[in-house]
There are 2 protein chains.
Amino acid sequence: MKDAEIIAVGTELLTPQRVDTNSLFVTEYLNLLGVDLVRKQVIGDDLPRLTEAISTALKRSHIVVLIGGLGPTEDDLTREAVAAAMGRKLMLSLEQESVLINRFRQINRPMAKNNLRQAYLVEGAEAMPNANGTAPGQFIYTDRGALAMLPGPPRELKTMVERELYHRLRPVVPPQVIRVRSFRITGIGESDLDTLIAPVYTKYTNPVTTVLSSPGDLFVHLKATAQTEDQADALLREVGNPIAELLGDRVYTENASEPLEGVVGRLLRKHHATVAVAESCTGGLVSSRLTDQGGSSDYFLGGYVTYCDAQKIETLGISRELIGKHSAVSEEAAKAMAEAARNKARSTFALSTTGYAGPSGGTDFDPVGTVYLGVAGPNGTRVIRVRYGSGDRLRVRLLATQASLDLLRKTLAEPIAAGLRR
Amino acid sequence: MKDAEIIAVGTELLTPQRVDTNSLFVTEYLNLLGVDLVRKQVIGDDLPRLTEAISTALKRSHIVVLIGGLGPTEDDLTREAVAAAMGRKLMLSLEQESVLINRFRQINRPMAKNNLRQAYLVEGAEAMPNANGTAPGQFIYTDRGALAMLPGPPRELKTMVERELYHRLRPVVPPQVIRVRSFRITGIGESDLDTLIAPVYTKYTNPVTTVLSSPGDLFVHLKATAQTEDQADALLREVGNPIAELLGDRVYTENASEPLEGVVGRLLRKHHATVAVAESCTGGLVSSRLTDQGGSSDYFLGGYVTYCDAQKIETLGISRELIGKHSAVSEEAAKAMAEAARNKARSTFALSTTGYAGPSGGTDFDPVGTVYLGVAGPNGTRVIRVRYGSGDRLRVRLLATQASLDLLRKTLAEPIAAGLRR
């Protein structure tokens, strides 16, 4: 198996504010090619350090990918460092010069003299066209494999990896197939998940199993390596099928890039159903998640962020007596909110959230972190009570939003009355 | 100035899903000590690679910080690698052994034999107690400065850096002060910002100026290094004051950790004012941003996510004729939405958003990316029209949300009628 390392260039990437995310995208493509990333580094804009890092990397790794430092300014040193590390010259490419001149003509802006730096290629390098910017990438065959220079702006980098780098690297690496299978899961904590599925996946080193978590959202990722797609798929079935069975309906999708609101939107569309939302403690997050999806106006009718009691009474028509008797954070209030939202918007379904996100509020019976989640639909209304650890307002809001969307997902999975748009 | 490098250990950090964020926290503390981070790396769980990386790092940098790989399993190789790189032995610490045994007794769990690995220290290392976990950190004085080993779980790492590492590193580095000044800015693009302020900051190498951007949100960060706090502050004034003047009211705060909704909340509270929101294309994001802040129920009254025309008509009482004549995406609709939200919620102010977030929709006059933003208040109603590049729904929604909050911020900065809660 071929090894790769990534060197991201830029002093700004060494500040406490910035993290290098470009390398994640590059890693994905390296993995697709069956290349193993064994090391990544961030180096500041410093010629001696950069040159030393490149020359060391060339000695030990088959593929070296440099990210950033291809801009027009004096700080952009990647070209110089590669030339120095390989003992080659930088040469002005007349072709790249005219590409640059044309580009500036197109956008009708004068070209500063500095920009000409971007027309210099390391001796023996192929230029990789940049569809979204001025700096071309560069690709060089090396004794051990290849070296690539990619621009730092993510939009430029991504297009260049897809259109230029991938097919150039393919012949450099031996044919090997990596296939992945993903499960996105909600409604279970990370350690409970691990206790459940570790007995299955720890028996295998191939596929490699990774568990990732963010609030209310878990991700199990299997990566199988083999000579052929069929072999890799067989490995994924062997480990993935028992995992799928153990997780049951906690798996909301096997599509790694489909968020929970995407699944909910797809199910609503399938049932020709619509939804409305009445939110208190989540303050608009459920609505905003649902409307994150393009085309959500097909099924999302409206949201009511009724943050104070007066709003619950006036906008939704919840009775003052109900709130007085049970409080606005109660099963009764959640039920009334969901039903009122459904009636007002004339939607097939409606969700409601009411709870104590913190930092203050709460009662002995319902301490901070308690949230009531309602769903009203053609088969009636259901309310669940969830309790999250207190002390982190944002976390409570995120978990409650996720649980609310999941409540709708599970309701949509039940047989529902003819699924007519209301 | 002393140099540092960070080596994060763990194969999972080389996947396309994971990014090392621990190093950001460590960087912050290194910078506080006046130490410059010059390189960071991620290395997988591989003993030869790790040993080589540590031995190289010890040769070139004053301070070497290792993160992760201190767990109890065979994959946790940091201790072994440091011992090998320094040519020292690993020794069982009887003190650490009893710390471990006590810890497991406390949580009433049997201690697996593997856990004893965590009681081994590199010859000459001081153990750094771990307040939140079982693996102690280790600190070793080296020829050039020091080497530290920190646990990977963020909660364990953070406490250890604060309580153990910081005071141990202090005597290793020469006294030097780093002071920072930050500007958070909205309402201007990154390249326009740079054109405006680069003539000021490029004249100085100290402070170091960094410009960071996320959609609709810019961050200018000055970092001054000097012998004393006074000298560092003087440098920050010398460069920061002209920058502040050039940016004017586009700076919404100089508090690096205060988001725009925090500033808006602070201003609303100061004026004893309240706010309501009527959203269309932003789908609940403005409400959710406003309610992100703890205590926002003091000023946020309610939100209306009127996504379809029927909702605008029924929930807000916008007239069907107005929408028929001007469309729901128009100056008139934004004005009516803001005024209706203000009247319904009886708030001091109300915001409205209506536009085409994409991917479809739009007209010749108002193509995808066009958004009307309204603000209604005691001094009347104002609507602005903004146009963002089309093609990225999420970006249009984020930019419009930011611009809507900024519109309220600027309105709150104007003299307003006595500021009575309505």
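Student: In which loop of chain A is A:Pro207 found?

Tutor: This is a predicted model, in which local features need pLDDT of at least 70, side-chain atom pairs count only at pLDDT 80 or more, and totals for chains, interfaces and linings use all residues. Residues are numbered from 1 along each chain as its sequence is written, chains are lettered from A and ligands numbered from 1 in the order in which they are written, and side-chain values use heavy atoms, with hydrogens and water left out. Helices (H or I, at least four residues) and strands (E, at least two) are DSSP runs numbered from the N terminus. A:Pro207 is found in the loop between helix H6 (190-201) and strand E10 (208-214).

Student: What is omega for the peptide bond that joins A:Asn206 and A:Pro207?

Tutor: Most peptide bonds are trans. The bond from B:Asn206 to B:Pro207 is cis, with omega near 5 degrees. A cis bond also joins A:Asn206 and A:Pro207, and its omega is about 5 degrees.

Student: How far is the sulfur of A:Cys281 from the closest cysteine sulfur?

Tutor: A disulfide is a pair of cysteine sulfur atoms within 2.5 Å, and the structure holds zero disulfides over all chains. A:Cys281 is buried at a relative accessible area of 5%, where buried means under 20%, exposed over 50% and partly exposed in between (1.4 Å probe, protein chains only). The closest cysteine sulfur to that of A:Cys281 belongs to A:Cys308, too far for a bond at 14 Å.

Student: Which backbone oxygen does the side chain of B:Gln138 reach?

Tutor: B:Gln138 lies in strand E7 (residues 137-141) of chain B and is buried, with a relative accessible area of 1%. Contact means heavy atoms within 4.5 Å; leaving aside residues up to four places away in sequence, B:Gln138 touches several residues, among them B:Arg79, B:Leu121 and B:Met149. At 3.1 Å, its side chain reaches the backbone oxygen of B:Tyr120.

Student: Which residue caps the N-terminal end of H13(B)?

Tutor: Helix H13 of chain B (residues 393-413) has 21 residues and should span 30 Å at 1.5 Å a residue, which agrees with the 30 Å between its end C-alpha atoms. The expected span is 1.5 Å times one less than the number of residues. Of the 21 residues of H13(B), 16 are buried. A side-chain oxygen lies 3.3 Å from the backbone nitrogen of B:Leu394, and the capping residue that carries this oxygen is B:Asp392.

Student: What is phi of A:His272?

Tutor: Most residues other than glycine have a negative phi. A:His272 is found in the loop between helix H8 (260-270) and strand E13 (275-279) of chain A, and counts as exposed at 55% relative accessibility. Its phi is positive, near 50 degrees.

Student: Where in chain B is B:Ser327 found?

Tutor: B:Ser327 is not a glycine, although its phi is positive at about 80 degrees. At 27% relative accessibility, B:Ser327 counts as partly exposed. B:Ser327 is found in the loop between helix H11 (320-326) and helix H12 (331-345).

Key. A polar contact is a pair of N or O atoms within 3.5 Å; within protein, one must be able to donate a hydrogen and the other to accept it, and residues adjacent in sequence count only if both atoms are side-chain atoms.
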